[in-house]
Amino acid sequence: MQKLILAAMLAVLSPVTALAQPVINAPFGEPVDEAMVEIDPRSVVEQYTGAFNARDVDRMESLMHPGIQIMEVSATGTDMVSEGYWAIVSHWLEHIEDADTPVLELTGWSQLDDYVTAIETSRRTGPDGTPDVQQRLTVYQVTGEGAIRRIWYYPPVEAE
């Protein structure tokens, strides 16, 4: 009985991840109605960043909304950088293995409804071998289906 209670507690406390294995109704072995499963936007963003760092373009694509929009925010306004996952995927297929492609780390999390913000630290090695570390605020909008719909990148600053 204690094992069943512990398993139930762990199931409740564990974050639900997008595109995970089907949830099974334990007593009856039937799939749970997926409409009842709540998507955790932060988990989706973490998976997306992990896929980027692993250079797994297929996994990144699976976490993108087909009409994904990537925008850069500056003091003068917001500019569309890329729209649609085909544009983003084709870019990454060409550049993901480049030596200067950074490794990302997200910290300073905040979430309001389907918007997730994080401080993105980008680490790469410059052409002369010196480390280049930058940080910027990044905002992600995640749909109820667990797909990243929009990303807003704020201006990067040099990090220590």
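**Rings, charges and a pocket**

Mentor: Welcome! By the rule for ring pairs, this predicted model holds three aromatic pairs.

Trainee: What makes Phe 52 and Trp 92 an aromatic pair?

Mentor: Their ring centres are 4.9 Å apart, and rings pair if the centres lie within 6.5 Å, so these two qualify.

Trainee: And why is the pair called edge-to-face?

Mentor: The planes stand at 80 degrees to each other.

Trainee: Are Phe 52 and Trp 92 buried or exposed?

Mentor: Both are buried.

Trainee: Why is the pair of Tyr 115 and Trp 152 called tilted?

Mentor: For Tyr 115 and Trp 152 the angle between the planes is 40 degrees, with 6.1 Å from centre to centre. Stacked needs under 30 degrees and edge-to-face over 60, so 40 degrees counts as tilted. Because Tyr 115 lies in strand E6 and Trp 152 in strand E8, the pair ties together parts 37 residues apart in sequence.

Trainee: Why does Tyr 115 count as partly exposed, and why does Trp 152 count as buried?

Mentor: Buried means under 20% relative accessible area and exposed means over 50%. Tyr 115 has 35%, so it counts as partly exposed. Trp 152 has 18%, so it counts as buried.

Trainee: How do you know that Arg 149 is buried?

Mentor: Use the cut-off of 20% again: Arg 149 has a relative accessible area of 19%, so it counts as buried. This residue lies in strand E8, and among the residues it touches are His 65, Gly 67 and Gln 141.

Trainee: Which charged end sits over the ring of Tyr 153?

Mentor: That of Arg 136, 3.9 Å from the ring centre. The distance cut-off is 6 Å.

Trainee: What can you tell me about the largest pocket?

Mentor: Its volume is about 640 Å³. Of the 26 residues lining it, the closest to its centre are Phe 52, His 91, Trp 92, Arg 136 and Tyr 153.

Trainee: How do the residues of the lining divide?

Mentor: There are 12 nonpolar, eight polar and six charged residues in the lining of the largest pocket. Elements that each supply at least two of the lining residues include helix H2, helix H4 and strand E7.

Key. Residues numbered from 1 in each chain as written. Predicted model: local features only at pLDDT ≥ 70, side-chain atom pairs only at ≥ 80, totals over all residues. Heavy atoms only, no water. 1 Å grid on protein atoms, 1.4 Å probe; cavity = no way out; pocket = protein on both sides within 12 Å on 5 of 7 lines; lining within 4 Å. Points joined across faces, edges and corners; volume = space filled by probe spheres on them. Helix = DSSP H or I, 4+ residues; strand = E, 2+ residues; numbered from the N terminus. Nonpolar A, V, L, I, M, F, W, Y, C, P; charged D, E, K, R; others polar. Phe/Tyr/Trp six-rings, centres within 6.5 Å; stacked < 30°, edge-to-face > 60°. Buried < 20%, exposed > 50% of the residue type's maximum accessible area, 1.4 Å probe, protein only. Lys NZ or Arg CZ within 6 Å of the ring centre and 35° of its normal. Contact = heavy atoms within 4.5 Å. Lists of a residue's contacts leave out its neighbours within four places in sequence.
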